[in-house]
Amino acid sequence: MELIINGQRYTVADEPTRPLLYVLRDELGLTGTKFGCGAGICGACTVHVNGKATRSCQTMVHTLAGSTITTIEGLGNAERLHPVQQAFLELQVPQCGWCMSGQMMTAATLLAETPNPTYDEMIAAMRYNYCRCGSYARIARAVMRAAE
Ligand code: FES
């Protein structure tokens with residue numbers, strides 16, 4: 001089956017029990033998407049499927065024929081970071097960094113749907129992306145800065 005990921009076509013095996021996360025990381029080398037819990041809880045594996053923040057550890061690849069997928073590698077480009085990436089960089093948000101791609105993918109979806117969120121809307125959108133370093137204050141500031 002074919003997947004369109006970050007604007008490129010890839011041919012991958014149509015396996016009913018293979019999560020997108022494993023295909024991205026192990027077959028396609030797109031290792032910016034992280035394995036955290038593997039159970040749909042932490043958000044480290046978040047990518048965009050047809051523009052929606054999606055947990056790639058819980059999304060079987062065979063359900064994605066014809067879908068457009070974006071990973072952190074395709075969120076911005078070499079000339080211009082996505083505003084969320086730029087804000088995370090400027091505010092030096094990452095500590096260990098493991099959850100950051102998932103955080104940024106969720107934030108990018110929020111801002112695509114709600115370009116000027118209130119603080120409460122931002123917190124509600126980001127609340128299921130966990131950070132084991134506890135960098136929540138910087139994450140919150142960066143998402144609000146990206147919305148400016
Ligand atoms: Fe997918 Fe934690 S690794 S939600």
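A crossing of two helices is called left-handed if the near helix is turned anticlockwise from the far one by less than a right angle, and right-handed if it is turned clockwise. What we have here is a predicted model, in which local features need pLDDT of at least 70 and side-chain atom pairs count only at pLDDT 80 or more, while totals for chains, interfaces and linings use all residues. Residues are numbered from 1 along each chain as its sequence is written.

Let me start with the helices, which, like the strands, are DSSP runs numbered from the N terminus (helices H or I, at least four residues; strands E, at least two). Helix 3, residues 83-90, passes helix 6 in a right-handed crossing, and it packs against helix 6, residues 136-146, at an angle of about 135°, with the axes 8 Å apart. Axes are lines fitted to C-alpha atoms, for helices over the stretch in contact, and angles run from 0 to 180 degrees between N-to-C directions. Helix 3 and helix 6 are therefore oblique to each other, since angles under 35 degrees count as roughly parallel, over 145 as roughly antiparallel, 65 to 115 as roughly perpendicular and the rest as oblique.

Now to the sheet, which is open and has five strands in the order 2-1-5-3-4, with mixed pairing; two strands pair if DSSP finds at least two bridges between them. Its edge strands are strand 2 (8-11) and strand 4 (52-55), each pairing on one side only. Strand 1, residues 2-5, runs antiparallel to strand 2 and is joined to it by four bridges, and Ile5 has Gln8 in strand 2 as its bridge partner.
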